[in-house]
Every structure is written in structure tokens, then in C-alpha cells.
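Here is a short briefing on one chain. Look over the sequence and the coordinates first, then read the points below.

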Amino acid sequence: MQEITIRLRFNQPCPGAVRTQEGKNVVHAHQRDSEGRVMFLPSWWSALVRYSAKVLNKHQSEVKKIHWDPVIDGVPRKWKRYLPVSDNKSNARARYAVHEAFLPGSVIGVNCVLPRAISTDDMWSLLDIAGSYRGISPYKPTDGGYGTFCVVSLHKRRRSLDKPEVLSEDATAEAETKD
């Protein structure tokens, strides 16, 4: 088994789904842990790689053995999702919902433990397929409407004795300009 860190870059917005109240406004935020870090449920990642394994016809039983860290590394921003206006109403006005979202170009990090049978190259292929066709988003986790992504990097995880740092907006911007 090996522990790896994966960096993903979103191609479409990845909006949150947890309704929170900010003053008079409702904001659809990302789920958080007790320390305020954004979480993507392991079941979402598992569903994505199971789909990819079927597409590749490879590692279909082994992907069930991947262990996902629910905490992701990244900083979401506010985003307005515009709702369609029905054409049959003459007085209809544009409406929107406010989300916390990872916007196109945002880079996040996710950690997981791979079983021996899955190489890092195979994992890259699995995530590449998942990101192209399904994407990941708490708003609609596996329907392909939001959160499509590409794999930026995949490497062995390095642990420090200090508390892990969240990828800051400056670090996200720096990672976006490198590629």
C-alpha cells in the first residue's frame, strides 16, 4: 500500500450544497469538518473510480480497497449560479443562487491510500477518465454537470510533524500559473 497526494484542476465550477444562512442570504456552502476544512465524502471518490474502472475494464475489484481522506486541500470562493428564466412569463427576472465553489482553474489536493495492485500510473488514468466524464461536486456529485477536472500531479504523500496547511489562495494562483 502507498499513500499518495493528488492535485486536481477544475474545468467547471464545483459548487457546494449545504444550505447556510449568512445574514439574510442563503449560501450553498461546502461541507466542513470540526476545524473548518472542506470535505468531499469518500463515497463520492469511490463512485468515481468505480465508474472509471468499468470504463477501463481494469482494477474493478481493487478500486474498492482505496481509502480516501475526506478532507481536501483548497479554498473555495463565492459564485453565483444563475437559474433559468421561463419564457412564458413576461415579468420574469433573472435569479441566482449563491454558492461556495471551486471555480474553473482552481487546484485542490486530495489524499488516498492505494492498494498494491493499483500503480500511480493506473490511478492517474482512473482519475483522468472520472474527471473528464463525471466530475465531482457536492451539489451534484456524479452526474457530470459540475466539477469536471484534470489531474495536475500525483505523487507519494509527504507528511510533516506540524499541522497540515490548507492550500492558500496565493498557492492556488501560483499552481494555476505554472501549468
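What share of the contacts in the chain with a separation of 6 or more comes from residues 24 or more positions apart? The share is 74%. Keep in mind that this is a predicted model. The chain has 179 residues, and 41% of them are buried.

**Confidence**

- The chain has a mean pLDDT of 84. A value of 70 or more is reached by 80% of its residues.
- Where pLDDT is low, predicted coordinates should not be read in detail.

**Elements**

- The chain holds three helices and nine strands.
- Read from the N terminus, the order is β-β-β-β-α-β-β-β-β-α-β-α.

**The four-stranded sheet**

- Four strands make an open sheet, ordered β5-β8-β1-β9, with antiparallel pairing.
- Its edges are β5 and β9 (149-156), and each of these pairs on one side only.
- Helix α2 (residues 120-133) packs on this sheet and touches β1, β5, β8 (107-114) and β9. The direction of α2 makes about 160° with that of β9.
- Strand β1 (residues 2-10) is joined to β9 by seven bridges, in the antiparallel sense. Within this pairing, Ile4 has Lys156 of β9 as its bridge partner.
- Strands β1 and β8 also run antiparallel, joined by eight bridges. Here Glu3 stands opposite Val113 of β8.
- Between β5 and β8 there are two bridges, again with antiparallel strands. On this side, His67 stands opposite Val113 in β8.
- How enclosed is β8 by the rest of the structure? Seven of its eight residues are buried, so β8 is largely enclosed.

**Aromatic groups**

- How many aromatic pairs does a search of the whole structure find? The search finds six.
- Ring pairs connect Phe10, Phe40, Trp44, Trp45, Trp68 and Phe102 into a cluster.
- In general, a pair of aromatic rings is described by the distance of the centres and the angle of the planes.
- A charge also meets a ring: the charged end of Arg134 sits over the ring of Tyr51, 4.0 Å from the ring centre.

**The loop between α1 and β5**

- Asn57 belongs to the loop that runs between α1 (42-56) and β5. Its phi is near 55°, a positive value in a residue other than glycine.
- Is Asn57 buried or exposed? Asn57 counts as exposed because its relative accessibility is 62%, and the cut-off for exposed is over 50%.
- His59 lies in the loop between α1 and β5. His59 is not a glycine, yet its phi is positive, at about 60°.
- His59 has a relative accessible area of 18%, so it is buried. The cut-off for buried is under 20%.
- Val63 is found in the loop between α1 and β5. At 2% relative accessibility, Val63 counts as buried.
- What does Val63 contact, leaving aside its neighbours within four places in sequence? Its contacts are Val49, Arg50, Ala53, Ile118 and Leu126.
- Val63 and Leu114 are 51 residues apart in sequence. In space, their C-alpha atoms are 8.3 Å apart.

**The loop between β2 and β3**

- Ala17 sits in the loop between β2 (14-15) and β3 (18-22).
- The relative accessible area of Ala17 is 32%, so this residue is partly exposed.
- Ala17 and His28 are eleven residues apart in sequence, and 4.8 Å apart C-alpha to C-alpha.
- Not counting residues up to four places away in sequence, Ala17 touches His28, Ala29, Pro138 and Tyr139.

Note on methods
Residues are numbered from 1 along each chain as its sequence is written. This is a predicted model: local features need pLDDT of at least 70, side-chain atom pairs count only at pLDDT 80 or more; totals for chains, interfaces and linings use all residues. Side-chain values use heavy atoms; hydrogens and water are left out. Rings of Phe, Tyr and Trp (its six-membered ring) pair if their centres lie within 6.5 Å; planes under 30 degrees apart count as stacked, over 60 as edge-to-face and the rest as tilted. A charge sits over a ring if NZ of Lys or CZ of Arg is within 6 Å of the ring centre and within 35 degrees of the ring normal. pLDDT is the predictor's confidence in each residue, from 0 to 100. Two strands pair if DSSP finds at least two bridges between them. Contact means heavy atoms within 4.5 Å. Axes are lines fitted to C-alpha atoms, for helices over the stretch in contact, and angles run from 0 to 180 degrees between N-to-C directions. Buried means under 20% relative accessible area, exposed over 50%, partly exposed in between (1.4 Å probe, protein chains only).
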